[in-house]
Amino acid sequence: NVNAFLAEHHVLLLFKQEIKGIMATDNVQFLNKYLSVDEYQQLLLSVDIVLLAYPERFKYQVSGVSYECLANQKRVVVVENPSLTYCRQYYNYDPIVSTPQQFIQLLNQLKQDATLRCVATPEQLKPDYTNVLNDKRK
């Protein structure tokens with residue numbers, strides 16, 4: 001179903017590396033080379049939507065790419081991962097999907113509704129270390 005949707009809607013799904021069980025097609029491609037900083041920035045600026053699909057072992061971390069998406073006002077689709085639930089607070093839609101059907105549905109919504117977007121403000125993204133700095137424990 002995903003491949004049919006990608007082909008029908010002329011969507012290119014570009015992965016940064018090959019993934020076991022996923023074959024390259026006209027609409028699914030893999031980048032198997034190192035991108036320079038300029039190439040990476042150009043690619044990020046040219047995409048409409050970024051898929052954040054981290055493996056289950058990605059735990060107790062944050063995604064640097066997610067913050068690059070915020071800084072560049074890029075919409076995201078996030079494959080469900082407990083470490084990435086923070087992404088919900090920065091978009092006016094729920095970016096998290098857990099099934100291929102939800103993935104297709106969200107891509108459809110994003111394609112049809114330009115008001116679904118990043119709503120993060122610079123103030124929201126500013127780190128707050130007040131609790132750490134004010135910790136009175138000895």
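**Salt bridges, a buried serine and the voids**

Modeller: K33 and E39 join their side chains in a salt bridge, with N to O at 3.2 Å. Keep in mind that this is a predicted model.

Biologist: Why is the pair K33 and E39 called a salt bridge?

Modeller: The N to O distance is 3.2 Å. The cut-off is within 4 Å, between a Lys or Arg side-chain nitrogen and an Asp or Glu carboxyl oxygen. The pair therefore qualifies.

Biologist: How many salt bridges does the structure hold?

Modeller: There are 2 salt bridges. In one of them, D94 pairs with R88, and their closest N and O atoms are 2.9 Å apart. That value also falls within 4 Å, so the label holds.

Biologist: Is E39 buried, exposed or partly exposed, and what makes it so?

Modeller: E39 has a relative accessible area of 35%. Buried needs under 20% and exposed needs over 50%. E39 lies in between, so the term is partly exposed.

Biologist: Which class do D94 and R88 fall into, and why?

Modeller: D94 has 40% relative accessible area, so it is partly exposed. R88 has 39%, so it is partly exposed.

Biologist: Turn to S83. Where is its place, and why does it count as buried?

Modeller: S83 sits in the loop between strand 4 and strand 5 (96–97). Its relative accessibility is 13%.

Biologist: What lies 2.8 Å from a polar atom of the S83 side chain?

Modeller: The backbone nitrogen of Y60 does. The limit for a polar contact is 3.5 Å, so 2.8 Å is within it. Beyond its neighbours within four places in sequence, S83 is in contact with F58, K59, Y60 and Q61.

Biologist: Now the voids. How many cavities of 30 Å³ or more does a search of the whole structure find?

Modeller: The search finds 1. The largest cavity has a volume of about 40 Å³. Its lining consists of L52, S66, C69, L70, V76, Y86, C87, Y90 and Y91. Helix 3 (residues 64–71) gives the largest share, 3 residues.

Biologist: Which residues line the second largest pocket closest to its centre?

Modeller: V2, I22, L51, P100 and F103 are closest, out of 18 lining residues. The second largest pocket has a volume of about 330 Å³. Helix 1, strand 1 and helix 4 each supply at least two residues of its lining. Helix 1 gives the largest share, 3 residues. The lining of the second largest pocket divides into 12 nonpolar, 5 polar and 1 charged.

Conventions
Residues numbered from 1 in each chain as written. Predicted model: local features only at pLDDT ≥ 70, side-chain atom pairs only at ≥ 80, totals over all residues. Heavy atoms only, no water. 1 Å grid on protein atoms, 1.4 Å probe; cavity = no way out; pocket = protein on both sides within 12 Å on 5 of 7 lines; lining within 4 Å. Points joined across faces, edges and corners; volume = space filled by probe spheres on them. Helix = DSSP H or I, 4+ residues; strand = E, 2+ residues; numbered from the N terminus. Nonpolar A, V, L, I, M, F, W, Y, C, P; charged D, E, K, R; others polar. Buried < 20%, exposed > 50% of the residue type's maximum accessible area, 1.4 Å probe, protein only. Polar contact = N/O pair within 3.5 Å; in protein donor to acceptor, adjacent residues only side chain to side chain. Contact = heavy atoms within 4.5 Å.
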